[in-house]
Amino acid sequence: MIVTVASGKGGTGKTSVAVNLALSIENVQLLDCDVEEPNAHLFLHPELLKTEPVYTFIPFVNQELCDHCGVCSKFCQYHALFTSPNNVLVFPELCHSCGGCMIVCPKKAITETKNRIGKLNFCAAEDLTLVYGELEIGKPMSVPIIKAVKKQMDKSKNVIIDSPPGTSCPFIETVRGSDFCVLVTEPTPFGLHDLKITVQVLRKMIVPFGVVVNRAGVGDNKVYEYCQQENIPILLEIPYQRKIAELYSRGIPFSQEMPEWTEKFQTLYSDIGKLVKK
Amino acid sequence: MKICVTASTGTIDAQIDPRFGRCAYFVVVDSETMQFEAVPNLASGASGGAGIQAAQAVANKGAKVVLTGDVGPNAFHALSAAGIEIVTGVSGSVKEAVEKFKRGDFKKTGAPTVGDHAGVSKTQR
């Protein structure tokens, strides 16, 4: 089963839920797709086994073959190519690696060249494996790294994916193909606002989902009212508790020091399994 | 010589639009005859790469000079590669700007004057 842990709003507790869930069940592969700021490894203290660079392909223009006809620039929807009377400029940060410019070039002057945008880290923490992506500083596009992380997916395992926050391309790429999505929210107006947007996206994508309310006890009842109206299951509530926050701040997954939570996360996982089968 | 001025409407009396990549119109003026052509800027609402797309349109029109308010890094790079002279900080009408340029009142800009995405309005972001 592939379960993605996501939320519209940042800082609701995605990584806490993903890590505690991963530690509570067996045979787990955890994929941290929050490649702009991966942090699951900060709670797992794993052994780093190896790293691999991630590249995208960008056009390379052979200026000797190029006659500056401008067909490539005209074709590129992202304006990554500029044709001047005596050369063609490539703007790598705008390129989406579609390869179209190579196809349309009448002089066959364009080939692909590698553009390094980040890396994959392969880790192990006891019987759990973790793969996390890391986007290089200054690189604007996280989706190719997310794809690279997901390529490492081992479907013989219980796959848990930690998603980046938000509801745009990085989230969509992360949750695509999941059997279930756990939406972590907090019972505040901000949490509710972003939860609603995420629900709209997941309904379009036809990925089943349920809600985990974190910091239960703060804010108001509106998240609960909304879930009831929309018939969205609330799978778990994690209370707003000093001990949980303290353990978090020390980089300790709270289920390890509060063993009653291991059972709660196991129940969460089996409940998800039942919802997926429905 | 063709001079391209970024403008808020497509006339010679139009006010200068201070953004290069996301201006409404390019008014391309022949400095000898003061004849002009108004070209709507297709990049004004682009989700990204507006500066490059706009620079491409200006280069394709054969302009040798751009008179505008500000220019971002990608547009600056592209226009420079095409050998187009850039003058920033220009205001007033298109006609006034071209006349001032002809009198030699302007100095060429040597670097981008704003950062990435400076011309994107808040609602578009």
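I began with helix α2(B). Its buried residues pack against β4 (81-83) and β5 (88-90) of chain A, together with α1 (50-60), β4 (65-67) and β5 (85-87) of chain B. Helices (H or I, at least four residues) and strands (E, at least two) are DSSP runs, numbered from the N terminus.

This is a predicted model: local features need pLDDT of at least 70, side-chain atom pairs count only at pLDDT 80 or more, and totals for chains, interfaces and linings use all residues. Residues are numbered from 1 along each chain as written, chains are lettered from A and ligands numbered from 1 in the order written, and side-chain values use heavy atoms, without hydrogens and water.

I listed the buried residues of α2 (residues 73-81) of chain B: Ala75(B), Phe76(B), Ala78(B) and Leu79(B). Buried means under 20% relative accessible area, exposed over 50%, partly exposed in between (1.4 Å probe, protein chains only). After α2(B) I found Gly83(B), with a positive phi near 70°.

Next I checked the interface. Contact (heavy atoms within 4.5 Å) takes twelve residues from chain B and 14 residues from chain A. I found zero salt bridges between the two chains; the rule wants a side-chain nitrogen of Lys or Arg within 4 Å of a carboxyl oxygen of Asp or Glu. α1 and α2 of chain B each give two or more residues to the side that touches chain A. α1(B) gives the most, with five residues.

Last, I looked up Ser7(A). Ser7(A) sits in the loop between β1 (2-6) and α1 (14-24) of chain A. Ser7(A) is buried, at 2% relative accessible area.
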